[in-house]
Amino acid sequence: DKILKLSVYDKHNYALKKETIQVNIVIEELIDLYALQKSDCKFTFENNTSITAISVDKEQFQHALSNILENAIKYGNEPIEINISCSLQASYFITCVKDNGSGINASEIPLLFEKFYRAKQSSLTNIKGHGLGLNYVKQIMQQHNGWYKITSSPSGGTELKLAWPI
């Protein structure tokens, strides 16, 4: 599914289907879905803004956050803890996902959003993946005229921010 969607994005044939979504509801639904799949994972969520609705392509918003949550679960340290928060920065609604994983080497961070790139620690473990998820997130954010930023430290986990224009 990701490969097909990426090929559509690569050809620039994808037209966004923007609609107003209730952001808290969509995020809470994703949390509930992943909590069912991974019962020993602890999620926290807070929206630190007065914004409850944004205009985005709902499916793409869900896919972007799902990719980030899947990575947080795959690479989190037991017990897995994932914090999702929302904030405002300039004219962007920021969704931030922070995990308690072992982090990513600083030298790899610029490469993470490249197609088929997988961080070295993922190749050392038996974690499945093709290196497409974050490239897909990158394409979604570009389609929305938003931005993304990742910060990570070896002992402090990884934090990924997605900025959606408002």
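I started with Cys96, which is buried at a relative accessible area of 8%. For burial I used these cut-offs: buried is under 20% relative accessible area, exposed is over 50%, and partly exposed lies in between (1.4 Å probe, protein chains only).

**Ground rules.** I am working on a predicted model, where local features need pLDDT of at least 70, side-chain atom pairs count only at pLDDT 80 or more, and totals for chains, interfaces and linings use all residues. Residues are numbered from 1 along each chain as its sequence is written, and side-chain values use heavy atoms, with hydrogens and water left out.

**Cysteines.** I looked for disulfides, taking a pair of cysteine sulfur atoms within 2.5 Å as the rule. The count is 0.

**Strand β5.** Next I turned to β5, residues 92–99. I took helices (H or I, at least four residues) and strands (E, at least two) as DSSP runs, numbered from the N terminus. Is β5 mostly covered or mostly open? It is mostly covered, as 6 of its 8 residues are buried.

I then asked which strands pair with β5, where a pair needs at least two DSSP bridges between the strands. β4 and β5 run antiparallel and are joined by 8 bridges. In this pairing, Leu88 stands opposite Phe93 in β5. Strand β7 (residues 157–165) also runs antiparallel to β5, with 7 bridges between them. There I noted Lys98 opposite Glu159 in β7.

**The β4–β5 turn.** The hairpin of β4 and β5 has 2 residues between the strands. Ala90 sits in that loop. Its phi is near 55°, a positive value in a residue other than glycine. I wrote Ala90 down as exposed, at 79% relative accessibility.

Where is Asn145? I found it in the loop between α5 (133–143) and β6 (147–153). Asn145 is exposed, with a relative accessible area of 59%. I kept the background in mind: most residues other than glycine have a negative phi, and most peptide bonds are trans.

**A cis bond.** I checked the peptide bond that joins Glu78 and Pro79, and it is cis, with omega about -10°. Pro79 lies in the loop between α3 and β4.

**Salt bridges.** Side chains of opposite charge can pair when their charged atoms come close. The rule was a side-chain nitrogen of Lys or Arg within 4 Å of a carboxyl oxygen of Asp or Glu. How many salt bridges are there? The count comes to 2.

One joins Lys38 to Asp40 at 3.8 Å, N to O. Asp40 is partly exposed at 38% relative accessibility. Lys38 is partly exposed too, at 24%.

The side chain of Lys38 also meets that of Glu78, at 3.8 Å, N to O. Lys38 is in the loop between α2 (23–37) and β2 (42–47), and Glu78 is in the loop between α3 (58–75) and β4 (81–89), so this pair ties together parts 40 residues apart in sequence. Glu78 itself is exposed, with a relative accessible area of 53%. Through shared partners, salt bridges join Lys38, Asp40 and Glu78 into one network.
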